[in-house]
Each structure stands twice: as structure tokens, then as C-alpha cells.
Amino acid sequence: MKFFDREPSIVSVMEKEVLSKHRKALMLFGTFHLMHGVDDSAVSTYEKLYPHLTFVISDLGIYDMNRTAAPISPFALWPNPSLARTKGTWLGALRLSDVFPPPINIDRDCKVQIDFPPELQKPMEAFVDAFLYLGPQEFRLNEPMPADIALDADYMTELQRRESLTGFPGEPTKSLKESNQEIVKEAENPLASAPKPPDAKDVAQNCLERKKQGSPQP
């Protein structure tokens, strides 16, 4: 699990190479590494010593920009790209679950909870300073995996090996063939869309079956 704990490395580089030397930096990380007010995020960690210096920008994630009760989308007249501040705006009032899929939490007894923890049940303006708008819903595309990576058997096998080490219950490790089929299927339809929420009962059942088979639990 140490491979999932990347925050100390980010904090170390920022403090040593940027903040202590009064430099500026452009940080490109997943939003959860950068959010304000989250105990285990990199930005929140170094902000204890260097507050009010980091401007955090998030994409709009899974937010459906065509979802509106008004006759016209609120984004209709926005230039592409646009940067919209969150403080005191309707975008800032969105919840984290409006923008990002909630995590799946499974305990050792296979009890499943699909939601963000209580400390993350806040408006988005508490976590990020602005959103980056990159056009209407139909412009949002996933980048297919390059063929030279997908066809690199050694690399893909190593990815499979590392996935198997996590031992997440309820999530069987895919074979190399299954992974390749998934890559091809994703490339056929690059339109980005919100993933369908998993069924908690199915996840719990998979977890119980893996326990019966003696699969490692986290």
C-alpha cells in the first residue's frame, strides 16, 4: 500500500525546491492530491507552514454540463476554455459527489459503503479555488491508450502483477487478455461519461466469495 501514499514525496519536492526558495511552480496531479482542507492531501500538508500560496484548479469531472433545469445550459455562453472561481458561486456550492465518483469502502467483514467520508461532505469551494471548463459534454473525450503501450507485453504484465498485489476485495484481478479486450473496447467509444455506480450488494457478494476462496484481504 506504500505505493498509494505519494503525498510525502509531493510535499518534500514542493517545500525543498519551490516554497522555501520563494519560487513558483505548476503542479499537475490528480485533484485529490491538491485539495485544501483535507488532512492527507499534499497541498493541505504543506499549507500548515505555507498557507494561502496555492491556487487549486480542478476539472469538472463527471459533472453533466447538459444537466440543467433552465431552458439553456449555464455553460452555453462560456468561452472554451474558461476558468471559473468557486468562492461564492453556484459551482462552488456543488458537492464533491457531483464532480467525482464516490469511493467504495469495504471492511474486513465485507460491509460496503459507497460515499465520501464525513470530512469531505463539504461544498467544492472548500477544496478547490476554480474549475477549468473545456467545452460542452460532447467535447469530453478520453485519450485511448497508445498502441505501443498496449502491445508491450512485459509492461502490461507488470501492471497486472501490481494490481494483484493490492488485493482489493470484490474486485477480481483481470487477466492480460481481459485487459487487452477492455483497452480495445474503451478505444471504440472515447466519449467520457460518468461511470455507473456499482451495486453495493454485488460488491459485498464478491467480497464474501473471495473470502471463501482464501483471497488476500486488505
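A: His22 sits in the loop between α1 (7-18) and α2. The model is predicted, and what follows is computed from its coordinates. His22 has a positive phi of about 55° although it is not a glycine. Most residues other than glycine have a negative phi. His22 counts as exposed because its relative accessible area is 75%, and the threshold for exposed is over 50%.

His52 shows a positive phi as well, of about 60°, and is not a glycine either. The residue belongs to the loop between α3 (42-46) and β1. With a relative accessible area of 79%, His52 is exposed.

The bond from Asn80 to Pro81 is cis, with omega near 5°. Most peptide bonds are trans. Pro81 is part of the loop between β1 and β2, and the next residue along, Ser82, lies in strand β2.

Ser82 is the part to examine closely. Is Ser82 buried or exposed? Ser82 is buried, because its relative accessibility of 11% falls under the 20% limit. A polar atom of the Ser82 side chain lies 2.3 Å from the backbone oxygen of Pro79. Beyond four places in sequence, Ser82 touches Phe131, Leu132 and Tyr133. Tyr133 is also the bridge partner of Ser82 in β5.

That bridge belongs to a strand pairing. Strand β2 (residues 82-85) pairs with β5 in the antiparallel sense, over 4 bridges. The two faces of β2 can be told apart by cover: Ser82 and Ala84 make up the covered face, while Leu83 and Arg85 make up the uncovered one.

On its other recorded pairing, β5 meets β1. Strand β1 (residues 57-59) runs parallel to β5, and 3 bridges join the two. Within this pairing, Ile57 has Ala130 of β5 as its bridge partner.

Phe55, Ile57, Leu83, Leu132 and Leu134 form a nonpolar patch on the surface, and together they have about 440 Å² of accessible area. Leu83, a member of the patch, is on the uncovered face of β2. Ile57, another member, is the residue bridged to Ala130. Leu132, also in the patch, is in contact with Ser82. Leu134 is placed in the loop between β5 (130-133) and α5 (147-150). Leu134 counts as exposed because its relative accessibility is 52%, against a threshold of 50%.

The packing elsewhere can be followed from Thr31 and Phe100. Thr31 is found in helix α2 (residues 31-34), and its relative accessible area of 11% makes it buried. Leaving out neighbours up to four places away in sequence, Thr31 touches Ser58, Asp59, Phe100 and Val128.

Which loop holds Phe100? Phe100 is in the loop between α4 (96-99) and β3 (104-106). Phe100 is buried, with a relative accessible area of 11%. Beyond four places in sequence, Phe100 is in contact with Thr31, Phe32, Ser58, Asp59, Ile62, Phe116 and Met124. Ser58 and Asp59 are therefore touched by Thr31 and by Phe100, two residues that count as buried because each has a relative accessible area of 11%. How far apart are Phe100 and Phe32 in sequence and in space? They are 68 residues apart in sequence, and their C-alpha atoms are 9.9 Å apart.

The chain as a whole gives the setting. It has 8 helices and 5 strands, and from the N terminus the elements run α-α-α-β-β-α-β-β-β-α-α-α-α. Of its 218 residues, 29% count as buried. Among contacts with a separation of 6 or more, 69% join residues 24 or more positions apart; the pair Phe100 and Phe32, in contact, is 68 residues apart. The accessible surface of the chain is about 14900 Å², and carbon and sulfur atoms account for 57% of that area.

Terms used:
Residues numbered from 1 in each chain as written. Predicted model: local features only at pLDDT ≥ 70, side-chain atom pairs only at ≥ 80, totals over all residues. Heavy atoms only, no water. Buried < 20%, exposed > 50% of the residue type's maximum accessible area, 1.4 Å probe, protein only. Contact = heavy atoms within 4.5 Å. Patch = residues over 30% accessible without salt bridge, like charges linked within 9 Å, V, L, I, M, F, W, Y side chains within 5 Å. Areas by Shrake-Rupley, 256 points an atom, 1.4 Å probe, with all protein chains shown as cover. Salt bridge = Lys/Arg side-chain N within 4 Å of Asp/Glu carboxyl O. Pairing = 2+ DSSP bridges. Polar contact = N/O pair within 3.5 Å; in protein donor to acceptor, adjacent residues only side chain to side chain.
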